[in-house]
Amino acid sequence: MSDSGSPASPLADDRRAAIARDAALIRRARAGDGAAFDVLVAAYMRPAFQMAYRVVGHREDAEDLVQESFLAAYQYLDSFDVERPFGPWLNRIVLNRGANLRRARTRRQTEPETEAVSTAPSALDESTRTEARELLTRALATLSERQRMVVTMFDVDGLTSTEIGERLELAPGTVRWHVHEARRVLRGALSSYFEGDR
Amino acid sequence: MTRMFNFPEPDGGAEPARDERLGALLRDAVGEPAMTDGDWSALADRVTAAVRGRRAMPWWGHVGRWELRAIPLALAAALVGAFALWSATGAGLSDASLASPDPVAAMVSGTSSAEAARSYAGAVTGSSDLVSGVRE
């Protein structure tokens with residue numbers, strides 16, 4: 001089921017190299033080398049932001065969440081097992097703290113951000129796009145949080161099932177199943193837009 | 001740790017094809033933030049500065065973080081302590097004990113020992129019956 005890589009695959013080698021590199025950085029950071037943790041921040045900030053944005057749905061909140069998560073990671077660095085990958089551990093912090101943040105705050109926005117880059121088909125006029133957006137937003141709300149994250153990471157962020165699996169600590173096959181199920185629900189909600197594809 | 005579940009593999013375990021149309025509509029719905037290189041750089045600076053601030057905080061910095069809560073707590077504890085001390089002083093050093101006569105001084109001044117004992121016991125216990133059987 002898992003295609004995260006057999007021991008001899010290049011992917012597994014890359015993963016082991018990343019774990020070894022991060023382990024060295026974490027040991028240096030624990031010893032008080034601030035620059036070492038800065039390297040970790042630079043390496044993991046973008047995926048952490050992507051995850052944070054998917055959880056809280058607002059740019060400023062996502063930036064706050066990223067900062068808070070790195071601070072927590074730094075604070076608990078001594079408890080981190082350096083034999084394990086740093087990314088999923090950080091992602092778990094982002095997810096947990098993001099869930100707390102979302103519960104604690106009233107939702108600041110439900111509309112897409114004004115600076116959002118719209119790549120919706122140009123053939124759709126504004127009213128049709130607004131209608132599609134509303135249908136999709138409602139359909140997304142019916143998905144479980146995991147399926148919502150998986151399908152947006154796959155279809156919006158363009159990550160592979162293996163990459164999503166590494167970030168969410170899921171088997172790639174499980175990710176593909178979530179993508180399949182989420183798409184089924186979303187396409188059902190947007191059936192009028194997908195009629196031509198059937 | 002990767003969690004394994006027995007989900008049925010759709011499409012025989014192959015990577016699903018990209019759905020550009022759904023992706024575009026999703027992107028439109030969930031609002032992809034446009035982050036420039038400058039934005040990433042600013043975020044990195046902000047995070048590293050926050051971590052550096054946490055790292056550089058001396059012990060009195062941690063004390064400072066707690067002072068807003070610690071000062072009222074200390075004041076409340078001091079008030080409670082003062083009240084407890086005042087109450088204990090009022091109850092423990094009663095009028096009887098403060099006014100208890102000195103039996104030795106009474107005997108020296110010529111009072112009988114029984115009378116002195118009765119006077120002392122009465123002052124302490126509120127009853128002179130305790131010494132009613134004392135023999136001279």
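This is a predicted model: local features need pLDDT of at least 70, side-chain atom pairs count only at pLDDT 80 or more; totals for chains, interfaces and linings use all residues.
Figure 1. In chain B, residues 24 or more positions apart account for 20% of the contacts with a separation of 6 or more. Chain B has 6 helices and 0 strands, and from the N terminus on its elements follow the order α-α-α-α-α-α. Of its 136 residues, 12% count as buried.

**Figure 2. Close-up of helices H2 and H3 of chain A.** Helix H2 of chain A spans residues 34-56 and helix H3 of chain A spans residues 59-75. Their axes come within 8 Å and cross at roughly 135 degrees, which means that H2(A) is oblique to H3(A). The crossing of H2(A) with H3(A) is right-handed. On the H2(A) side, the contact is made by A:Phe37, A:Val41, A:Met45, A:Ala48, A:Phe49, A:Ala52, A:Tyr53 and A:Val56. H3(A) contributes A:Arg59, A:Asp61, A:Ala62, A:Leu65, A:Val66, A:Ser69, A:Phe70 and A:Tyr74. The residues of this contact comprise 13 nonpolar, 1 polar and 2 charged.

**Figure 3. Close-up of helices H2 and H4 of chain A.** Helix H4 of chain A covers residues 86-104 and packs with H2(A) at an angle of about 35 degrees. The axes of H2(A) and H4(A) are 9 Å apart, and their crossing is right-handed. Residues of H2(A) in this contact include A:Leu40, A:Tyr44, A:Pro47 and A:Met51. Among the residues of H4(A) that they meet as a group are A:Phe86, A:Leu90, A:Asn91, A:Val94 and A:Arg102. By class, the contact of H2(A) with H4(A) has 14 nonpolar, 3 polar and 1 charged residues.

How values were computed
Residues are numbered from 1 along each chain as its sequence is written. Chains are lettered from A and ligands numbered from 1 in the order in which they are written. Axes are lines fitted to C-alpha atoms, for helices over the stretch in contact, and angles run from 0 to 180 degrees between N-to-C directions. Helices (H or I, at least four residues) and strands (E, at least two) are DSSP runs, numbered from the N terminus. Angles under 35 degrees count as roughly parallel, over 145 as roughly antiparallel, 65 to 115 as roughly perpendicular and the rest as oblique. A crossing is left-handed if the near helix is turned anticlockwise from the far one by less than a right angle, and right-handed if clockwise. Two residues are in contact if their C-beta atoms, placed from the backbone, lie within 7 Å. Ala, Val, Leu, Ile, Met, Phe, Trp, Tyr, Cys and Pro count as nonpolar, Asp, Glu, Lys and Arg as charged, and the others, Gly among them, as polar. A residue is buried if 20 or more other C-beta atoms lie within 10 Å of its own, exposed if 12 or fewer, and partly exposed in between; C-beta atoms are placed from the backbone.
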